Amino acid sequence: MKTFNYKILNIAVIIFTMLVITTCREEVISPRNNSGNINEPYKSSIRNSYTFILNAENLSQLVVDYPTINYFSSRIFISVLDYSSGSFEVVLFTKSREIVYSTKLSEESSGKYASVDGVRPEIVEFKFNNFSGKLKFQLTGVL
């Protein structure tokens with residue numbers, strides 16, 4: 001009677017498993033990472049750091065948010081990539097609605113820096129006017 005060779009079967013199963021795993025692999029994107037979705041912002045507000053990322057397409061809307069910056073000095077970074085149309089305005093306010101920073105962009109920018117000293121920015125408004133492009137806004141509290 002012939003004996004079955006389990007060594008060959010084990011090797012065949014391992015090769016088949018490796019083929020299935022490598023050919024069916026798909027990149028996993030975290031469900032919390034919406035920055036790639038059109039007109040769905042990704043916002044993060046953690047311990048003296050606020051980030052707003054948006055991949056916009058013909059967006060006309062007002063977005064108001066409340067960053068948690070506890071310092072009286074902050075750094076601002078704004079970049080616009082893949083710009084194609086429209087404009088947007090960013091306005092930072094104090095709790096009493098005094099404007100501490102404002103800028104309007106209608107062109108591509110690899111990075112624009114600014115700082116706010118002596119006040120705590122507590123409200124941020126983004127005003128989009130038919131804006132298409134990728135926006136990144138960061139507000140960081142500094143000692």
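The largest nonpolar core has 23 residues, and the members that touch the most others are F52, I78, F88, F126, F128, L135 and F137. A nonpolar core here is a set of buried Ala, Val, Leu, Ile, Met, Phe, Trp, Tyr and Cys residues joined through side-chain atoms within 4.5 Å. Buried is under 20% relative accessible area, exposed is over 50%, and partly exposed falls in between (1.4 Å probe, protein chains only). Strand β6 supplies the largest share, seven residues. As for the labels, strands (E, at least two residues) and helices (H or I, at least four) are DSSP runs, numbered from the N terminus. In general, nonpolar side chains of soluble globular proteins tend to be buried together.

Take F88 as a way in. Leaving out residues up to four places away in sequence, F88 touches I78, V80, T103, K104, L105, K127, F128, F131 and L135, where contact means heavy atoms within 4.5 Å.

Residues are numbered from 1 along each chain as its sequence is written, and side-chain values use heavy atoms, with hydrogens and water left out. The mean pLDDT (the predictor's confidence in each residue, from 0 to 100) is 86, and 85% of the residues reach 70 or more. Over residues 25-34 pLDDT stays under 50, and the model has five contacts beyond four places in sequence for them. Where pLDDT is low, the predicted coordinates should not be read in detail.

Now for the salt bridges, each being a side-chain nitrogen of Lys or Arg within 4 Å of a carboxyl oxygen of Asp or Glu. The count comes to five. One of them joins the side chains of D82 and K134, at 3.1 Å from N to O. D82 sits in strand β3 and K134 in strand β6, so this pair ties together parts that are 52 residues apart in sequence. D82 is partly exposed at 49% relative accessible area, and K134 is partly exposed too, at 37%. Another bridge pairs E125 with K127, whose closest N and O atoms are 4.0 Å apart. E125 counts as buried at 7% relative accessibility, whereas K127 is partly exposed at 35%. R97 joins E125 and K127 in a network of salt bridges. R120 and E122 also form a bridge, with 3.6 Å between their closest N and O atoms.

The backbone has a couple of spots to look at as well. Most residues other than glycine have a negative phi. N48, not a glycine, has a positive phi of about 65 degrees; N48 lies in the loop between β1 and β2 and is buried, with a relative accessible area of 9%. N58 has a positive phi of about 50 degrees and is not a glycine either, but N58 is in strand β2 and counts as partly exposed at 48%.

Definitions and conventions
This is a predicted model: local features need pLDDT of at least 70, side-chain atom pairs count only at pLDDT 80 or more; totals for chains, interfaces and linings use all residues.
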